[in-house]
Amino acid sequence: MLHDEFLVTLISRLMAATSFEEAATAVLQAMLGCAEAALTQSTYAARGRLLRGVVHLRPADSYQRLFGIEHRAGVRVEEVGYLTSANVWRWLVEHGCSVSIDLQLGRLRAWTPDGPVHTGDALDATGLPGQVTREHMLGRNTTHVHVIPLRAPGGAVDGMITLEARCQAAIGRDFIWQACHEDLATMAHVSAPYLGGLRPRLPDAERTDELLPVVGASTAALVDMLRVFAGQEETILIGGPTGSGKSRLARWCHEQSRRKSHPFETLDLLSVPEDLQMAELFGWKRGAFTGAVKDKPGAIARAAQGTLFIDEIDKLSLKAQAGLLHVLEERRYRPLGDEGAERHADVRFIVGTNADLHAAVRAGRFREDLFFRINILPVRLPALSERLDELPRWAQYMLGRRHRESGGEGAARIAPDAVQRLLGAAWPGNLRQLDNIIRRAYALALAERGGAVGSLVLERRHVEQALAHEAPAESGSTLAQLWRAAHAFVQEVERRERGGVTLPLDLTDAFQGLVLAAAIGRLGSREEAFAMFGLDQLLKNRNHQRALRRELARVRRLVALLGEAPEPGLAALLKATDEPTETREG
């Protein structure tokens with residue numbers, strides 16, 4: 001039975017928590033305490049030790065937050081203390097139940113509601129941490145790991161909690177997990193809404209730098225995670241829309257890594273013709289193909305001992321995908337036309353994409369085995385429209401940099417009403433588009449004053465003039481934007497009618513759910529979103545989750561009838577609030 005003192009204390013601390021870190025600390029301390037109590041009552045009391053616990057949040061299969069503590073010391077886990085195994089995560093999502101891992105023998109045991117299940121050899125192989133991760137953990141004397149799923153409302157696995165222990169005497173045995181796995185699963189169930197709903201703490205200002213000069217509440221958790229990931233050697237997959245800053249973030253990860261004194265190389269596949277991708281990646285020997293008049297090292301060789309960032313990975317041809325998969329698995333490659341022995345690829349890989357790789361795999365455009373090799377540490381960089389809290393500081397940073405580049409003297413700043421105009425604009429081009437606007441507005445401001453580059457203030461009129469060159473001028477009023485949305489829907493209905501498909505008017509009921517979803521994405525909390533719209537009574541009666549599921553059911557109907565993929569933030573929320581299916585329940 002669950003130790004009442006752990007559960008009561010946990011619930012009290014969760015209700016008082018004001019940040020993700022506080023909630024994560026509370027649940028990890030409760031779980032480690034519960035496991036410690038089970039250890040004390042076991043035959044391994046004098047020979048075993050709980051080491052650490054880690055919370056992993058991965059909604060929509062992308063790391064969102066990561067936090068761990070060392071047992072007894074209570075201090076935050078450093079970068080080498082995290083188990084970030086893609087194999088374990090895939091196993092947990094597929095089977096949906098807690099699992100214990102005997103690292104020394106490479107064995108798994110699943111814990112279902114009906115009791116423990118010994119897995120077969122094939123299942124063991126798919127769910128065990130990779131060889132490098134296993135060796136690293138064994139090297140610090142971890143022998144046993146227990147992994148508990150974190151479920152979103154509706155049953156989807158949105159994360160996991162890992163507990164590590166050391167007990168040489170229990171190798172090949174169940175250790176303590178049989179005595180406490182139900183208690184740990186209960187704690188995870190109670191804690192999941194708090195872990196998924198609370199915002200992370202803002203990082204200290206001094207943790208920003210020239211490569212990452214702005215970190216707001218919307219990206220604080222992402223930056224903290226990447227600081228951890230940067231210190232590891234596993235591949236990082238950075239998703240996010242074009243122009244959101246993936247290249248900058250990749251370079252920042254390199255500068256935080258142990259490879260920072262070595263090269264950082266970028267291979268942008270969007271600019272490489274498909275028939276030259278293999279050559280650009282691996283290099284070539286003279287005479288390897290027409291035009292190869294001399295030897296040339298490829299991106300892997302140029303990034304030796306450093307980091308290779310492959311952007312637009314979804315543009316890689318199937319042939320080149322096979323070659324990259326070989327490099328990732330064997331760490332060896334051969335330049336085109338080279339008949340000698342394969343060369344060692346001493347490179348840390350970071351890859352970027354603005355595409356849905358899951359969809360590309362389903363469509364046969366991207367190899368599933370390669371996807372699994374690069375999807376080890378996946379993160380998503382939000383669009384600028386999802387982190388408007390950062391926009392004023394990004395704009396000021398871009399203005400200051402432009403002013404310095406122009407040899408300007410004194411300060412350059414943006415007027416408050418100009419900032420408000422920027423906040424009200426659409427940003428399909430993200431940070432890249434914002435930088436262009438700031439550069440254009442700065443040039444207009446200089447022209448207005450005859451080219452003098454002293455102290456300068458960007459006024460609203462400068463921003464308006466700069467934005468006017470982006471697209472035909474449109475009214476920025478809320479009513480005008482809603483009117484345009486209505487026209488867009490009518491045009492879509494007309495288009496489908498010509499193809500013999502009718503869209504019912506009641507699909508527009510989904511707008512309320514879309515507004516709620518946007519508020520949740522903006523605020524990071526379902527409760528705050530409902531409070532924003534004055535729905536305090538639903539919160540008081542604890543009916544807001546049911547109301548949210550009802551509204552999002554209409555959104556799902558809209559998505560299904562339109563046959564279009566929702567934006568990543570909306571897709572994650574729809575997945576998190578999906579009704580449990582027989583497959584999940586089983």
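**Around an arginine**

Me: Which backbone oxygen lies 3.1 Å from a polar atom of the side chain of Arg 259?

Reply: This is a predicted model, where local features need pLDDT of at least 70 and side-chain atom pairs count only at pLDDT 80 or more, while totals for chains, interfaces and linings use all residues. Residues are numbered from 1 along each chain as its sequence is written, and side-chain values use heavy atoms, with hydrogens and water left out. Arg 259 sits in the loop between helix 8 (246-255) and strand 9 (264-268). At 3.1 Å from a polar atom of its side chain is the backbone oxygen of Gln 305.

Me: Is Arg 259 buried or exposed?

Reply: Buried means under 20% relative accessible area, exposed over 50%, and partly exposed in between (1.4 Å probe, protein chains only). Arg 259 has a relative accessible area of 12%, so the call is buried.

Me: And Ser 62, what is its relative accessibility?

Reply: Ser 62 is in the loop between strand 1 (49-57) and strand 2 (65-70). Leaving out residues up to four places away in sequence, Ser 62 touches Leu 57, Pro 378, Val 379 and Arg 380 (contact: heavy atoms within 4.5 Å). Ser 62 counts as buried because its relative accessibility is 14%.

Terms used: Helix = DSSP H or I, 4+ residues; strand = E, 2+ residues; numbered from the N terminus. Polar contact = N/O pair within 3.5 Å; in protein donor to acceptor, adjacent residues only side chain to side chain.
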